[in-house]
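Have the viewer open as you go.

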Amino acid sequence: MKLKLFFKALIVLVFITGSAQFIKAQTVNDALTAFNKGIELSQLDNYDEAIASFKSAIEIFNQVEPANENKPKAEEQVLVVLYKKASTQLKEKKYDDCLTSFQSLVEYSTTYNNEKYLKRANSAIPKVYYAKGKEQFDLKKYDEALVLLNKSIELDPTYATAYIRKAQVYDETNKATEFKETIDKALEVTIQTNDAKSEDIAKQLASNFFLRNGAEAVKAKKYDNAISHFNALLNYKEGDSEIYYQLASAYNKVSKWDEAIVAANKSLELFADQDANKNARIYFELGNSYVGKTDNAAACDAYKKANKGDYAAQAKYQIETVLKCQ
C-alpha cells in the first residue's frame, strides 16, 4: 500500500516538474514572440507599440529567465526606438513631444545602464531647446526665445550656436551691452571647441552689428557712440581703410585731434583703391585734425594732397583762404 502511494506521489511530482518546465519554455517563447513583434512594429514606425512589446519581453525575461541573452537586446531596442521616435518628432517640429521622448530616453538609458544612448539623449536635449528658441525668435517673440536659449546654454555651456542665436536676439532688440557680452562668450566657446565655422559666423554677426550701429550713430550725430561702435568693430574684423576713415571723421567731430590723426594715417596706410582721387577725403580729415592742433604746416600739407577729385574745391578754400598756405 505504501509502495503504491510512493509511486503515485512520484508520478505527480514528475508531472508537476515537467509541467513547470513546459510552462517556463512557453513563457520564454512568449518573451521572444513579444521581442520579434517589437522589431516588426519598429520597422513600421509604430514606435509606442514597439516599445510596449519590447518592455513586455523584458518583463517576461525578468520573471522567468533574467539571464537570457535576449533580454539586453530587448532593452537596447527600447532605447533604439525611443531615439528614432524623438528624432522623428524633432524633424516634425513637435518640440514638446520630442523633449518628453528624449527625457524618457535618459531615464531608460540610466535604468538599462546604457552610456551610448544616455550620451545621445543628453546631447540632443539642448538642441531641442535651441530649436524651440529659434522658432520663437522667428516669430519675433524675443523674451520667450531668450528663456529657451538660456535653457539650452544651461544644459550645454559649449553650444556655440545657442550663444549666437541669443546674440541675434540682442541684435534685433538693439541691446549693445548684452550683445557684446553674448557674442564674446560665443567666440570664447568656439575657440575652446575648435569650431571655426561658428567662430566665423559670430565674427560676421558682430561686425555687422557694430558697423551698422556706428553708421547710425554718425547719421544721428552721436559721435562718441560712433567711436565706441567702430572701435568695438575692430575686435571682430580686421581694420580696413574705411573703418579708420570713419573713426578719424568721428574723432574730429569731438575734437580728439591726436586720435583722429592716428586713425587717418592708418586709413591712408590701408588704402588700396586704384583711384588715387578717392583718398582725398582721408587727407582732408587729416588736414582738419592738424587745424584742430593748430599745426598749420602739417594741415597745409594734408590739404594739398586732398586738392583733387570731389574734395578739390574744399581743399583749395582751406589752402588759399583759411590757412593761406605757401
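Predicted model: local features only at pLDDT ≥ 70, side-chain atom pairs only at ≥ 80, totals over all residues.

**Helix pairs at a glance**

| Helix pair | Axes come within | Crossing angle |
|---|---|---|
| α3 (residues 70-91) and α4 (residues 95-111) | 8 Å | roughly 160° |
| α6 (residues 142-155) and α7 (residues 160-172) | 9 Å | roughly 155° |
| α11 (residues 241-253) and α13 (residues 280-292) | 10 Å | roughly 30° |

**α3 and α4**

With axes crossing at roughly 160°, α3 and α4 are roughly antiparallel to each other, because angles over 145 degrees count that way. The crossing is left-handed. On the α3 side the contact includes V78, L79, L82 and Y83, while α4 brings in residues including F102, L105 and Y108. Sort the contact residues by class and you get eleven nonpolar, five polar and two charged.

**α6 and α7**

Roughly 155° is the angle here, so α6 ends up roughly antiparallel to α7. Their crossing is left-handed. Y142, A145, L146, L149, N150, S152 and I153 of α6 touch A162, Y163, R165, K166, V169, Y170 and E172 of α7. That set splits into nine nonpolar, two polar and three charged residues.

**α11 and α13**

Which way do α11 and α13 run, parallel or antiparallel? Their axes cross at roughly 30°, and they are therefore roughly parallel to each other. α11 passes α13 in a left-handed crossing. From α11, S241, E242, Y245, A248, S249 and N252 meet R281, I282, E285, N288 and S289 of α13. By class, this contact has three nonpolar, five polar and three charged residues.

**A ring pair to look up**

How many aromatic pairs does the structure hold? There are twelve aromatic pairs. One of them is F35 with F54: the ring centres sit 5.5 Å apart and the planes are at 70°, so the pair is edge-to-face. F35 belongs to helix α1 (residues 2-43) and F54 to helix α2 (residues 47-64), so this pair ties together parts that are 19 residues apart in sequence.

Conventions:
Residues numbered from 1 in each chain as written. Heavy atoms only, no water. Axes fitted to C-alpha atoms, helices over the stretch in contact; angles between N-to-C directions. Helix = DSSP H or I, 4+ residues; strand = E, 2+ residues; numbered from the N terminus. Parallel < 35°, antiparallel > 145°, perpendicular 65-115°, else oblique. Left-handed = near helix turned anticlockwise from the far one by under 90°. Contact = heavy atoms within 4.5 Å. Nonpolar A, V, L, I, M, F, W, Y, C, P; charged D, E, K, R; others polar. Phe/Tyr/Trp six-rings, centres within 6.5 Å; stacked < 30°, edge-to-face > 60°.
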